[in-house]
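Reader: I'm new to reading protein structures. Could you walk me through this one?

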Amino acid sequence: MTLTVPGVDPSARLAVPDEEISTEELRLASRNHAMPMEALRWDVTPPGMHYLLIHYDIPKIVETSWRLSVGGCVRSSLSLSLSDLAEMPQQSVRVTLECAGNGRAQLSPRPVSQPWLNGAVGTADWSGVRLLDILTDAGLEPAATDVLFTASDHGLERGVEQDYERALSVADSMADEVLVAIAMNGQPLPPQHGFPARLIVPGWYGMTQVKWLREISVLDHAYEGFQNTVSYRLRQEPTEPGEPVTRIEPRALLVPPGFPDFMSRTRVERPGPVRLEGRAWSGWAPVERVEVSVDDGVTWAEAELGPDLGRWAWRGFTLVWDAAPGQHLLRVRAHDQSGRTQPAVPPWNRGGFANNADQPVEVVVLDPDSESVTRS
């Protein structure tokens, strides 16, 4: 249903030159939150630090009355309670999730939306039932083409009233690692992360990970709903169909070294050997190497990769930097086994999606004889 709401602009738009972040964008930023960069030190992100994007509202769901319905182009419709899902064979997958709009606020012109910088990411151990097992129990009909996932999250977007919905092809849905998850880091899903059940599709951007899942519908045709065909498309012009946003582009992020200035977040270090560390990931292929620059991309050095935490999880890296007094811009970039590499210049599109350009970290290394920092 398309609605006209007085005082609400239903169009997607770009900020005009020098336009400041709006009150509307600040409201989005206050209810959604990024992961603090220092949380990159953890292999697994605590739920309260994991990035969060909520399209509409967090629904209040009563566990005893909740059911996950499975129907459509199947031989046997299913109605599964949370206890039914818990009694089925369980699988756990460590997955790095990243919002498709991560880095949007750093584009120019800036798409007006959730103003992410670079912290819309997190890694968790997700546990639940393989979607493959659920669809196998239901029995797909030969005509099955797409699988539609519907949430209890309901709202209005660009004039369209809708439940949040996303669809995948049958082939993508039947991948072994795709889960209907009911636990995060060994505990029941927190309300904000999709209780009682959510979809986890490793390697794909966050828009695919449907929270508060209530219905799975197998379709005999390609799904053409809003979140697949209007939103989450890579467009240069508003009238073009654009390419769909799918898998996560390679990215590396640096744990901010030293300590921060409160307002600017500029990092302050003391001279001498500094152990730089961070995380890298890609939804296309395993990370092959990570490079670090301490001179704003003039020269690059290869970092040492840490242990492999699983195909779908980020991987640590380290490099020792001999920090000399002065101002420095540190950069990191990931390379994956498919040949994809982080670019220096962000790939622009109207939605601000899949911006995986390397992000500079400003570090001021103090003169050893300086008294510019006063300890309290």
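Reader: Let's begin with the second largest pocket: how many nonpolar residues are in its lining?
Author: A pocket here is an open set of points on a 1 Å grid over the protein atoms alone, where a 1.4 Å probe fits, with protein on both sides within 12 Å along at least five of seven lines; lining residues have an atom within 4 Å of a point. Ala, Val, Leu, Ile, Met, Phe, Trp, Tyr, Cys and Pro count as nonpolar, Asp, Glu, Lys and Arg as charged, and the others, Gly among them, as polar. In the second largest pocket, the lining has 4 charged and 5 polar residues, and the nonpolar ones number 11.

Reader: Before we go on, what kind of model is this?
Author: Residues are numbered from 1 along each chain as its sequence is written, and side-chain values use heavy atoms, with hydrogens and water left out. Local features need pLDDT of at least 70 and side-chain atom pairs count only at pLDDT 80 or more, while totals for chains, interfaces and linings use all residues, since the model is predicted.

Reader: Back to that second largest pocket: which residues are the closest to its centre?
Author: The space in this pocket is about 550 Å³, a volume being the space filled by probe spheres set on the points, which are joined across faces, edges and corners. Its lining has 20 residues, and the closest to the centre are M37, N118, P256, R265 and V361.

Reader: Which elements give two or more residues to that lining?
Author: Helices (H or I, at least four residues) and strands (E, at least two) are DSSP runs, numbered from the N terminus. For the second largest pocket, the elements asked for are β13 (251–254), β21 (326–336) and β22 (361–365).

Reader: How many salt bridges are there?
Author: Side chains of opposite charge can pair when their charged atoms come close. The rule for a salt bridge is a side-chain nitrogen of Lys or Arg within 4 Å of a carboxyl oxygen of Asp or Glu. Counted that way, the total is 16.

Reader: R130 and D176 form one of them, so how many residues apart in sequence are the parts they tie together?
Author: The closest N and O atoms of R130 and D176 are 2.2 Å apart. R130 sits in strand β4 (residues 121–130) and D176 in the loop between α4 (170–173) and β7 (179–184), so the parts they tie together are apart in sequence by 46 residues.

Reader: Are R331 and D358 buried or exposed?
Author: Buried means under 20% relative accessible area, exposed over 50%, and partly exposed in between (1.4 Å probe, protein chains only). R331 and D358 meet in a salt bridge at 2.4 Å, N to O. R331 is in strand β21 and D358 in the loop between β21 and β22, 27 residues apart. Both of these residues are buried.

Reader: R340 lies over the face of which residue?
Author: R340 also forms a salt bridge with E249, with the closest N and O atoms 4.0 Å apart. A charge sits over a ring if NZ of Lys or CZ of Arg is within 6 Å of the ring centre and within 35 degrees of the ring normal. At 3.9 Å from the ring centre, R340 lies over the face of W284.

Reader: Is the pair of W281 and W314 stacked, edge-to-face or tilted?
Author: Rings of Phe, Tyr and Trp (its six-membered ring) pair if their centres lie within 6.5 Å; planes under 30 degrees apart count as stacked, over 60 as edge-to-face and the rest as tilted. The count of aromatic pairs is 3. For W281 and W314, the centres are 6.0 Å apart and the planes are at 55 degrees, so the pair is tilted.
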